[in-house]
Amino acid sequence: MEDLNRPIKNILVPVDFSETSRVLAHYANIFSEKFKAKIHLLHVFQEYEGLTKLVLTNKVLENLMDELDDSGVKEMGDFCRKYIDKNVEYETLFLKGDPFKEILETIKDRNIDLVIMGTHGKTRFDHFFFGKTADRVVRNANCPVMTVRVTSW
């Protein structure tokens with residue numbers, strides 16, 4: 001049974017920098033201000049199996065992954081400056097792996113009380129992938145999950 005008196009102190013928002021992420025930031029700002037909660041913005045660098053199958057030296061592959069990491073860090077900084085209110089406490093997290101697994105691990109590691117996540121990502125193709133991820137998080141998270149569907153794509 002849910003503890004309905006459990007305060008909301010930590011909010012997790014998985015972001016991919018899409019229009020959906022901007023809408024999620026809006027809701028996270030509202031909830032953060034209302035409950036004086038900290039926002040944890042998570043970007044998961046998915047390790048694509050196809051990259052490792054390319055004929056690349058380890059050094060080239062490592063440089064490519066570093067470049068993707070650097071670009072994600074820069075994009076997160078820009079995202080936070082534009083869309084996270086100045087008066088809310090937040091932190092950014094960058095993980096590599098399967099988004100579903102990393103989201104569930106972060107929920108446990110950061111004592112997350114609420115997840116606010118989108119039902120799809122940047123493209124129509126992502127709709128299937130992220131919809132599946134959102135569904136799996138809703139079914140397996142040990143805290144409430146608020147899903148947001150943005151239809152402007």
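I looked up Thr106 and found that, leaving out residues up to four places away in sequence, Thr106 touches Leu12, Leu42, Leu93, Leu95, Asn111 and Ile112 (contact means heavy atoms within 4.5 Å). This is a predicted model, where local features need pLDDT of at least 70 and side-chain atom pairs count only at pLDDT 80 or more, while totals for chains, interfaces and linings use all residues. Residues are numbered from 1 along each chain as its sequence is written, and side-chain values use heavy atoms, without hydrogens and water.

Thr106 sits in helix H4 (residues 99-109); helices (H or I, at least four residues) and strands (E, at least two) are DSSP runs, numbered from the N terminus. I noted a relative accessible area of 4% for Thr106, so it is buried (under 20%; exposed is over 50%, partly exposed in between, with a 1.4 Å probe and protein chains only).

Next I checked Asn111, one of the contacts of Thr106. Asn111 lies in the loop between H4 and strand E4 (114-118) and is exposed, at 55% relative accessibility. Its phi is positive, about 50 degrees, although Asn111 is not a glycine. Most residues other than glycine have a negative phi.

Phe17 also has a positive phi, of about 70 degrees. I found Phe17 in the loop between strand E1 (10-14) and H1, buried at 9% relative accessibility.

I then read along H1 (residues 19-35), which has 17 residues. Its buried residues are Thr20, Ser21, Leu24, Ala25, Ala28, Asn29 and Ser32. Lys36 follows H1, with a positive phi near 55 degrees.

Last, I looked at cysteines: Cys80 is buried at 4% relative accessible area, and Cys143 is buried at 6%.

Note on methods: Expected span 1.5 Å × (residues − 1).
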